[in-house]
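Work through the exercises below with the sequence and the model side by side, and try each task before reading its solution.

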Amino acid sequence: MKTTARFTLAALALSLTSPVWGEAFQLSRPAGSPPPAGFHYLERSSMEMKDNVMKMLVGDRTMAGKMQMLASESREIESLPEGRVRVKVRRQRTVNSVQMAGQDKQETEHDPLEGQTLVGRRADGAWHFEFEDGKIIPTDEQKKKLEKYGKKWGTDETFYPEKPVEVGATWELSGERLAMFLGGGDFTSPKGKLVCTLEKMVEHDGVKCASVKIDAEVEAGMPTGDGEPEMRSKIKFQGTVLRAIDQFVDLTADLKGEMSSTGSRELGDAKMDITVKGPLHITQLVDLTPEDAAPEPADPAPPATGKKRKLD
């Protein structure tokens, strides 16, 4: 009896993860069908560059060190009546750490929208966001971020085919869609391609999902945000995204690879060439029951060795 039960469970597990041939699945939300009011979930995502090698060349002098970067975002999303959406930005920050020339430097940059609750509505074919609390007057920087939020919102739907696809189907992202996938449009002039493959249908925490394999090799510009010329980056990664096909939400993403960036800075009459290279890890995790979600993780601790000072 135990042996039979074991084989039965094995067969069930296999059926839940094996390809479903001949059946097509809708991966993108059909046009004109917004999420039902009350649909509520917590989305956490991160992009980490750990133990990256950083080199700076000024004239005939070379300096080498290590750099780490962790960009993390956590937001509660709730669908409202009339196709509107409420977004509570619980966390949106970037922690940069550099170890070079005997110095350890760490800086945390908080996004201007962190801690705010936004309400978005679609009008004239575009999304527009504002603070839910009308008494809060946004700063100029927050206005720019709200405008950018509207441009990015809903772009994940464009990562998937408009029509149903069968297991084994592949499609590519390029141009603007590729730029949005890489960083919500933060990357410029992307070249290369990102190939998606619907590998199989699985069940994740009781939710029916499409398991989509991602394979990317891209070159793109990366603005620095400090007025200096952008860095040029080569990015290569692979991994899997689990997309809930009834809720049209990416429940998990785990993408690993490497990234190398080059750029230059003017230092008076001298020129400094910069290269950064190392592993890249991108993750996303969605909790469909936000009230049961774990607390937000703490920021990385400052480097433990050497002298410490703030970034200039």
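Rings of Phe, Tyr and Trp, the last taken by its six-membered ring, pair if their centres lie within 6.5 Å. The model examined here is predicted.

**Exercise 1.** Find which residues form one aromatic cluster, and classify the pair of F39 and Y41 by the angle between the planes.

*Solution.* Begin with the cluster, which is formed by W127, F129, Y149 and W153. The count for the model comes to 9 aromatic pairs. One of them joins F39 and Y41, with 5.2 Å from centre to centre and 45° between the planes, and is tilted. Turning to accessibility, F39 counts as buried because its relative accessibility is 17%, and Y41, with a relative accessible area of 11%, is buried.

**Exercise 2.** Decide how the rings of F181 and F237 are arranged, and which parts the pair ties together.

*Solution.* The ring centres of F181 and F237 are 6.4 Å apart and the planes lie at 10°, so the pair is stacked. Because F181 belongs to helix α3 (residues 175–183) and F237 to strand β12, the pair ties together parts that are 56 residues apart in sequence. F181 counts as partly exposed at 21% relative accessibility, whereas F237, at 3%, counts as buried.

**Exercise 3.** Trace the strand pairing from β10 through β11 to β12.

*Solution.* Strand β10 (residues 188–204) pairs with strand β11 (residues 207–222) in the antiparallel sense over 14 bridges, and K191 has E219 as its bridge partner in β11. Between these strands the hairpin has 2 residues, and D205 takes a positive phi near 50°. Next, β11 pairs with β12 (residues 231–244), again antiparallel over 14 bridges, where E219 stands opposite K234.

Definitions and conventions:
Residues are numbered from 1 along each chain as its sequence is written. This is a predicted model: local features need pLDDT of at least 70, side-chain atom pairs count only at pLDDT 80 or more; totals for chains, interfaces and linings use all residues. Side-chain values use heavy atoms; hydrogens and water are left out. Two strands pair if DSSP finds at least two bridges between them. Helices (H or I, at least four residues) and strands (E, at least two) are DSSP runs, numbered from the N terminus. Rings of Phe, Tyr and Trp (its six-membered ring) pair if their centres lie within 6.5 Å; planes under 30 degrees apart count as stacked, over 60 as edge-to-face and the rest as tilted. Buried means under 20% relative accessible area, exposed over 50%, partly exposed in between (1.4 Å probe, protein chains only).
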